[in-house]
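Open the model in your viewer and keep the selection panel at hand. This tour goes stop by stop: what to select, then what is there.

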Amino acid sequence: MNIKDTSTSLLKEFAPQMGPWSWKGKTAVVILSAILLWGLYALYIQVFKGHGVTGMRDNVVWGLYIANFVFFIGISYAGAIISGILHLLRVNWRKPILRIAELITVIATIIGPIYILLCVGRLDRLHHLFMYGRIQSPITWDVLAISTYLVGSIIFLYLALIRDFAILSETNEIHIPNWRRKIYKLLSINFRNTPEQVKRLKLTLDVLSAIIIPTAIIVHSVLSWIFGMTLRPGWHSTIFGPYFVLAAIFSGTGVMIIVMYVFRNIYNLKRYLTDQHFRYMGYMLIVLAAGYGYFTFSEYLTDWYTSEKWDAELIDKLFSFEHYGWWFYFANFGGILVPLILIGIPKFRSVKTIVFSSVVLVAALWIKRYLIVVPTLENTLLPMQDLRPEYISYSATWVEWALTAAGVAAFILFFILMSRFVPIVPVWETSEYLEEIKLKTSDEKVLSEKRAREVKQESISVSTS
Amino acid sequence: MMKTRILLIAFLVLSMCGITFAQDEEKGVLLNVVYQRDHSAQVVLTATIVDEEEEEPVSGAVIKFYTLADSLEVLLGAATANEEGVAVLSIQEDKVSKAADGLMEFAVRFEGNDTFGANKETASWKDLEMEINFVEEDEQRNIEVSLMSWDDEGNKIPVPEMDVYLFAPRMFSQLPIGEIWIEEDGKGRVAFPEALPGDDSGNIQVLAKITDSDEYGNYASFKSIDWGIAVSHEAGEIPRSLWSPSAPIWMQVTFIILMSGVWYHFFLVIYKLWRIKDYGKNEEKIIWDIDK
């Protein structure tokens, strides 16, 4: 199989995204940078005035930051699970969407833990976590698991990029500045597609795919255990591990569909990010929505049925429209039923409804993370002497909203910048994929012609006999 | 008739002006002061200030506290009312002027601001001495409280007919353990409650309180006795607790296996990448047709 021509034509097609900035691109970068600067200003205020500028107090010690942390770590699952599992299962249609999945993983895993740093305060003591950290503490598990996961994800992304770096360092089909070409050459680590190199690269990809899946599962289980190991209503649950893992894959898949749709339209990639990709991802969403719905029902039914004092109080608050009712119903019904109905019923299924369902479920799952963190902390288990409203009910301040917006802006900005550095659709893998389709089609054509000839001969022999 | 009408109109106009003037006037405030003392010779004066009409707290009002010595006001200090209109001043007992019979007179003043007019409130209370004793008679354990005050010549006299409330301070609140009626001799007694948990030596702190007495205000004193049930509050060693010296062995082993397993593969991949680099050294260009 010679994939040079396909790669060349792909590179030519992807050249505009790696060339000079369009005015739309510039505007997007300016707006996102402005949001990022607003977040940095909020951070400056928080550092110099202290955590009093946030809505967090002695009782509700976690708020928007932790919800964002769980959310970003959740969406990082897109790469780890989707590319990991699909790679091991040798699913070919994964190839054009691999890069998006892996970039989501790395960027989200970098941004997510920053929210922990924003939440804890006294960052001058951060190194104590490593110097005096206790293995028996779920916080230590989390720190180690996430840093391990981040390293694994970066290696995984890099492995998948090596062949494209090699192509980009050699190609003369598109204009690449010399300084960039040097970087590509350095990063391509002399990859020349020799049989030995191909064999070893495939082996390393297989090894890492097999390792990244359990690592990702451990990371999100550990994250859930920070809640689950705490004796608090709504947190102390044995199914929190798998529940968090499933929710993470669900939201990660949703974000991936949205990113695919955005890049498909911006860079006109309909040939590579096809309707079929959206349909397959939509099927995944149906399965995940059903599983997530099952876990949600099981979790709340158990709490509601036993009606243990504190659990009952929390459930009342979540179901009451005076408190969190609207948010709760949207997060637990909207986020599950919308994908099930819009994608599950063939009549409604289309790229747009799949993307719409993804937007709804991503919003729902962000709210869900907020509902896991905040209402539980608002339930005061111990008697308090000073019950000022701001002590027992949390309300995020502009500082927290600014830093939340900055996180989302940073996520998009990183994505745009990365798409300028490497093609958002993997050139080598997609070329392989397209060549395989071509081969398959020509094989089928040859087979059908052969079959037709055989049938013809059979009919001739029957008529002569 | 005409004269009457003119007078009536004039009256109405003046009345309306009066209403207008009244509206422009500063609002009145109500002041209230409470006296509290405990055995540590600390006097706590708590003043509450509310809007006279709506009875809403006047937060931010500066209240000055005075002690009256020979009808002269001596400033003790000032405090600002909180959101509930409460201003608290805590002072040493020796700063308060006291008559021979223990009478203490106080004044609290609010000097007014743009919205509210000035006001003053005075109050007086008598000082007393409270003694708590633990008496065991016929295998019956009792708490005995005696109250003493002073007559005009400064001689000690018993304080009769008072309610004294007894509590045992617990972690989050004060557990009521009895109520004593003080007899004519200034003494009262109640049985010590059985089966009351104490510290690891059985020590229990007994708090005696007089509350809202018109004559004596609020007074509290306490004393400890080892009549409680000794309860050891030392928790057994929990290997997984954050403060335990090291994590359980199984946890350490699991942790090391998991982390070494994952990191071994990461390093293996990095090593393989190194090898990939070596294998490409002799090739100048990508070999395009060898992928199968």
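In what order do the four strands of the antiparallel open sheet in chain B run? Select them and read across: β4-β3-β6-β7 (chain B). Strands here are DSSP E runs of at least two residues, helices are H or I runs of at least four, and both are numbered from the N terminus. Two strands pair if DSSP finds at least two bridges between them.

A word on the ground rules. This is a predicted model, in which local features need pLDDT of at least 70 and side-chain atom pairs count only at pLDDT 80 or more, while totals for chains, interfaces and linings use all residues. Residues are numbered from 1 along each chain as its sequence is written, with chains lettered from A and ligands numbered from 1 in the order in which they are written.

**Stop 1**

The edge strands are β4 (72–80) and β7, each pairing on one side only. From one strand to the next, the twist averages 25°. Now pick β6 (residues 103–110) of chain B: eight bridges join it to β7(B), in the antiparallel sense. Show side chains, and find Leu103(B) opposite Lys126(B) in β7(B).

**Stop 2: the seven-stranded sheet**

Next, select the open sheet ordered β5-β2-β1-β15-β14-β11-β12 (chain B). Its pairing is mixed. β5 (86–92) and β12 (174–181) of chain B stand at the edges with a single partner strand each, so one side of each has no neighbour in the sheet. Here the twist averages 20° from strand to strand. Zoom in on β14 (residues 204–213) and β15 (residues 217–225) of chain B, an antiparallel pair with eight bridges. Leu207(B) stands opposite Phe222(B) in β15(B).

**Stop 3: two domains of chain B**

Colour residues 26–126 of chain B as domain 1 and 129–225 as domain 2. These bounds come from an automatic or database domain assignment. Over C-alpha atoms, the domain centres are 28 Å apart. The contact takes 11 residues from domain 1 of chain B and 14 from domain 2 of chain B. Residues are in contact if their C-beta atoms, placed from the backbone, lie within 7 Å. On the domain 1 side, β1(B) gives the most, with five residues. That side divides into four nonpolar, three polar and four charged residues. Nonpolar means Ala, Val, Leu, Ile, Met, Phe, Trp, Tyr, Cys and Pro; charged means Asp, Glu, Lys and Arg; the others, Gly among them, are polar.

**Stop 4: where the chains meet**

Show both chains. 31 residues of chain B are in contact with 36 residues of chain A. The chain B side has 17 nonpolar, four polar and 10 charged residues.

**Stop 5**

Select α2 (residues 23–49) and α16 (residues 398–421) of chain A. Their axes come within 8 Å and cross at roughly 140°. Axes are lines fitted to C-alpha atoms, for helices over the stretch in contact, and angles run from 0 to 180 degrees between N-to-C directions. Among the residues that meet are Trp38(A) in α2(A) and Leu413(A) in α16(A). The contact divides into 19 nonpolar, two polar and no charged residues.

Finally, select α4 (residues 77–88) and α9 (residues 195–228) of chain A, whose axes come within 9 Å and cross at roughly 135°. Their contact has 10 nonpolar, three polar and no charged residues.

Note on methods: Two residues are in contact if their C-beta atoms, placed from the backbone, lie within 7 Å.
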